[in-house]
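Please keep the sequence and the structure in view while reading.

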Amino acid sequence: MVEIDVNSGFCFGVVTAINKAEEELAKTGHLYCLGDIVHNAGEVERLKEKGLKTITHSDLERLHNVKILLRAHGEPPKTYETASGNNVTVIDATCPVVLQLQRRIKKAYNEGLEQERLGGSKPLIVIYGKNGHAEVNGLVGQTNGEAVVIQDLEGISGLDLDRDILLYSQTTKSLEGFREIVKEIKRLKTKGKFEYFDTICRQVANRMEKMREFAASHEVVVFVSGAKSSNGKVLFEKCREVNPRTYLITDETELRPEWTSGYEKIGICGATSTPLWMMERVAEKIKQEDGRRESI
């Protein structure tokens, strides 16, 4: 039996972005997207064939009088300013969870500026996330580049712990990792205030435990994820923790017959950026290699 995990695949933010892209492409056959619409090369290529062209921030500065899609990850204020100045129409597909977090950080930053203006000191805004990740760039942009990003416990050593600290998290980070960061800052901080805000998307966080249960209930797990997906790397490792026979691939061409040979219960999982059609291709190839198996 080959089973695809029902909790795997696109999160609602990615679904919305792709739907918006396809709606525009159906009307005009052409649309620019700032960065890969999703961290999955197969899905990017599928939409490219429909007319979606991926551009960089440098490209945006040179473009005028066109339409661009802002993907689910979100963008810093400067992107909107550049688009407006170039008469670029923005189709904003920023995930609502990310957008809400951007607004919270922007509000906290502005309140800090006001405290400073009145003679106080503004708090240090810290973001637990991956340095350089598109979502994190958008969050840091809400603070005029002043927020500090930490990727792990080691990053805490670079913080000025004497200052008041406001801690937020990239929406796709693990709850476990966030709690470890909170615990360590509490342990080390001897002065000043420390406030932390659990801003992790529950759709992503909750699927982690469900995916672990799925992985544990199968003899072999094939995890399908784009090479650029941070979320995919995290979820893959969580699956492998409970099932050592978990293998990471980007598409069906990377399957190796010896991984599944002799096993009856094969599970297929994917990242929040992995399309269902790609997992279905993987399931079909496994079935072809062993005609006795059924796929559900």
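Does Leu 167 count as buried or exposed? At 0% relative accessibility, Leu 167 counts as buried. The model discussed here is predicted.

**Leu 167 and its surroundings**

- Leu 167 belongs to strand β8, and its relative accessibility is 0%.
- Setting aside neighbours within four places in sequence, Leu 167 is in contact with Val 126 and Tyr 128, with Phe 178, Ile 181, Val 182 and Ile 185, and with Phe 194, Glu 195, Tyr 196 and Phe 197.
- One of these contacts, Phe 194, is 27 residues from Leu 167 in sequence, and the C-alpha atoms of the two residues are 7.8 Å apart in space.

**Aromatic pairs**

- The structure contains four aromatic pairs.
- One of them joins Tyr 168 and Phe 197 in a stacked arrangement, with 4.8 Å from centre to centre and 20° between the planes.
- This pair links distant parts of the chain, 29 residues apart: Tyr 168 sits in strand β8 (residues 165-169), whereas Phe 197 sits in the loop between β9 (194-196) and α8 (202-216).
- Tyr 168 counts as buried because its relative accessibility is 3%, under the 20% limit for that class.
- Tyr 247 and Trp 259 form a pair that is stacked, because their ring centres are 4.5 Å apart and their planes meet at 5°.
- Tyr 247 is part of strand β11 (residues 246-249) and Trp 259 is part of helix α10 (residues 257-260), so this pair ties together parts that are twelve residues apart in sequence.
- The two partners fall into separate accessibility classes: Tyr 247 is partly exposed, with a relative accessible area of 22%, whereas Trp 259 is buried, with 12%.

**Buried residues in loops**

- Ser 229 is located in the loop between β10 (220-224) and α9 (230-242).
- With a relative accessible area of 2%, Ser 229 is buried.
- Apart from neighbours within four places in sequence, Ser 229 has contacts with His 39, Ala 271 and Ser 273.
- Gly 51 is located in the loop between α2 (41-50) and β3 (52-55).
- Gly 51 counts as buried, since its relative accessibility is 16% and the class takes in values under 20%.
- Beyond neighbours within four places in sequence, the contacts of Gly 51 are Leu 25, Gly 29, His 30 and Leu 31.
- Gly 51 and Leu 276 are separated by 225 residues in sequence and by 21 Å in space, C-alpha to C-alpha.

**Exposed asparagines with positive phi**

- Asn 65 is not a glycine, yet it has a positive phi of about 60°.
- The residue Asn 65 lies in the loop between α3 (57-62) and β4 (67-70), and it is exposed, with a relative accessible area of 57%.
- Asn 144, although not a glycine, also has a positive phi of about 60°.
- The loop that holds Asn 144 runs between α6 (134-141) and β7 (148-150), and Asn 144 is exposed at a relative accessible area of 62%.

**The chain as a whole**

- The protein has eleven helices and twelve strands.
- A compact globule of 296 residues would have a radius of gyration near 19 Å, and the 21 Å found for the protein agrees with that value.
- The C-alpha trace spans about 75 × 55 × 25 Å along its principal axes.
- Of the 296 residues in the protein, 50% are buried.
- Among contacts between residues at least 6 apart in sequence, 69% join residues at least 24 apart.
- The accessible surface amounts to about 14500 Å², and 48% of it belongs to carbon and sulfur atoms.
- The protein carries 42 positive and 44 negative side chains, and the centres of these two sets lie 3 Å apart.

Key. Residues numbered from 1 in each chain as written. Predicted model: local features only at pLDDT ≥ 70, side-chain atom pairs only at ≥ 80, totals over all residues. Heavy atoms only, no water. Phe/Tyr/Trp six-rings, centres within 6.5 Å; stacked < 30°, edge-to-face > 60°. Helix = DSSP H or I, 4+ residues; strand = E, 2+ residues; numbered from the N terminus. Buried < 20%, exposed > 50% of the residue type's maximum accessible area, 1.4 Å probe, protein only. Rg over C-alpha atoms; globule rule 2.2 N^0.38 Å. Contact = heavy atoms within 4.5 Å. Areas by Shrake-Rupley, 256 points an atom, 1.4 Å probe, with all protein chains shown as cover. Lys, Arg positive; Asp, Glu negative; His and termini not counted. Charge placed at Lys NZ, Arg CZ, Asp CG, Glu CD.
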